Amino acid sequence: RHLEDNPLFNSGKGAVYTAEGRHELDASIMDGRDRSCGAVTGVTTVKNPISLARLVMEQTPHVFLSGAGAEVFADETEVERVSNDYFSTPYRREQWEKSRKSVHGTVGVVALDLEGHLAAGTSTGGTTGKRFGRIGDSPVIGAGTWADDSTCAVSCTGHGEKFIRNTVAREVASLMEHRDLSLEEAASEVIHEELEPGDGGLIAVSRTGEIAMA
């Protein structure tokens, strides 16, 4: 929430503009203890999308709510609501008006607690000028977010379509699980060998406390 409220990032306040000049926000969260997870996409009035994603995880039998359905669910909760122009900043408007293709600035968190449990969360405003209804990797479990107490917690940022095609977050955990790679080795292989230069990056923490920022 603190990162979503910071206009320096493309998430929450300071999110980029869509092609239509609005803001559509995405977020996902995952608990490594039991792989419970929640995600929302295309929300337009929720001040902190990560909080709504957590409520999806904790208060519904579902994993992923989109657009109008996510907004209706928000109506049933006590999450803070704002008008869509709350997310605007002069800097993002200038970027939109210059029609830049893509802006990175997704925010992600990974955590390991004192009991050895892992968690990850990712929140974004998407890419500048994205088409109506476009969904990137940030709200997609396994692509932009992953957490499992047996391996690691991962949060990604970059060209969402590439991260979805390569299920990047889950792939890091899979390499650790099936090839016994360290977190740093797994993260480096996915980012530097499976993706192209400039596609993006990730942050991750392992069950033993190892940190990677590939």
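This is a predicted model: local features need pLDDT of at least 70, side-chain atom pairs count only at pLDDT 80 or more; totals for chains, interfaces and linings use all residues.

Student: Which residues of H1 are buried?

Tutor: Pro49, Ile50, Ser51, Leu52, Ala53, Leu55, Val56 and Met57.

Student: And what do the buried residues of H1 pack against?

Tutor: Several elements. The strands are S1, S2 (36-43), S3 (64-66) and S5 (118-124). Helix H2 (67-75) is also on the list.

Student: Let's stay with H2. At what angle do the axes of H1 and H2 cross?

Tutor: At roughly 80°, and the axes come within 11 Å. That makes H1 roughly perpendicular to H2.

Student: Which residues make the contact?

Tutor: On the H1 side, Leu52, Leu55 and Val56. On the H2 side, Ala70, Phe73 and Ala74.

Student: What is Gly42 in contact with, leaving aside neighbours within four places in sequence?

Tutor: Glu24, Leu25, Asp26 and Gly67.

Student: New topic: rings. How many aromatic pairs does the structure hold?

Tutor: Two. Take Tyr17 and Trp96: the ring centres are 5.1 Å apart and the planes sit at 15°. Stacking requires planes under 30 degrees apart, so this pair is stacked.

Student: Where do Tyr17 and Trp96 lie?

Tutor: Tyr17 is in the segment before strand S1 (25-31), and Trp96 is in helix H3 (residues 90-97). The pair therefore ties together parts that are 79 residues apart in sequence.

Student: Tyr17: buried or exposed?

Tutor: Buried, with a relative accessible area of 2%. Trp96 counts as partly exposed, at 24% relative accessibility.

Student: And the pair of Tyr86 and Phe87, stacked or edge-to-face?

Tutor: Edge-to-face. The centres of Tyr86 and Phe87 are 5.2 Å apart and their planes are at 75°.

Student: What lies over the face of Tyr86?

Tutor: Lys13, at 4.9 Å from the ring centre.

Student: OK, polar contacts. What joins the side chains of Thr106 and Thr124?

Tutor: A polar contact of 2.9 Å. Thr106 sits in the loop between H3 and strand S4 (107-112). Thr106 is buried, with a relative accessible area of 16%.

Student: What else does Thr106 touch?

Tutor: Not counting residues up to four places away in sequence, Thr106 touches Asn10, Thr122, Ser123, Thr124, Ser138, Cys156 and Thr157.

Student: Now Arg33. Where is Arg33 found?

Tutor: In the loop between S1 and S2. Arg33 is exposed, with a relative accessible area of 55%.

Student: Which side chain does Arg33 make a polar contact with?

Tutor: The side chain of Asp31, at 2.6 Å. Beyond four places in sequence, Arg33 touches His117, Leu118 and Asp149.

Student: How far apart in space are Arg33 and Phe9?

Tutor: 29 Å, C-alpha to C-alpha, while they are 24 residues apart in sequence.

Student: Backbone check next. What is phi of Thr167?

Tutor: Near 35°, a positive value in a residue other than glycine. Thr167 is found in the loop between helix H4 (160-165) and helix H5 (168-179). Thr167 is partly exposed, with a relative accessible area of 38%.

Student: And phi of Asp180?

Tutor: Near 60°, also positive, and Asp180 is not a glycine either. Asp180 lies in the loop between H5 and helix H6 (183-194). At 68% relative accessibility, Asp180 counts as exposed.

Student: Last one. Where does His159 lie?

Tutor: In the loop between strand S7 (152-158) and H4. His159 is partly exposed at 31% relative accessibility. The C-alpha atoms of His159 and Ala173 are separated by 20 Å, and the two are 14 residues apart along the chain.

Key. Residues are numbered from 1 along each chain as its sequence is written. Side-chain values use heavy atoms; hydrogens and water are left out. Rings of Phe, Tyr and Trp (its six-membered ring) pair if their centres lie within 6.5 Å; planes under 30 degrees apart count as stacked, over 60 as edge-to-face and the rest as tilted. Helices (H or I, at least four residues) and strands (E, at least two) are DSSP runs, numbered from the N terminus. Buried means under 20% relative accessible area, exposed over 50%, partly exposed in between (1.4 Å probe, protein chains only). A charge sits over a ring if NZ of Lys or CZ of Arg is within 6 Å of the ring centre and within 35 degrees of the ring normal. A polar contact is a pair of N or O atoms within 3.5 Å; within protein, one must be able to donate a hydrogen and the other to accept it, and residues adjacent in sequence count only if both atoms are side-chain atoms. Contact means heavy atoms within 4.5 Å. Axes are lines fitted to C-alpha atoms, for helices over the stretch in contact, and angles run from 0 to 180 degrees between N-to-C directions. Angles under 35 degrees count as roughly parallel, over 145 as roughly antiparallel, 65 to 115 as roughly perpendicular and the rest as oblique.
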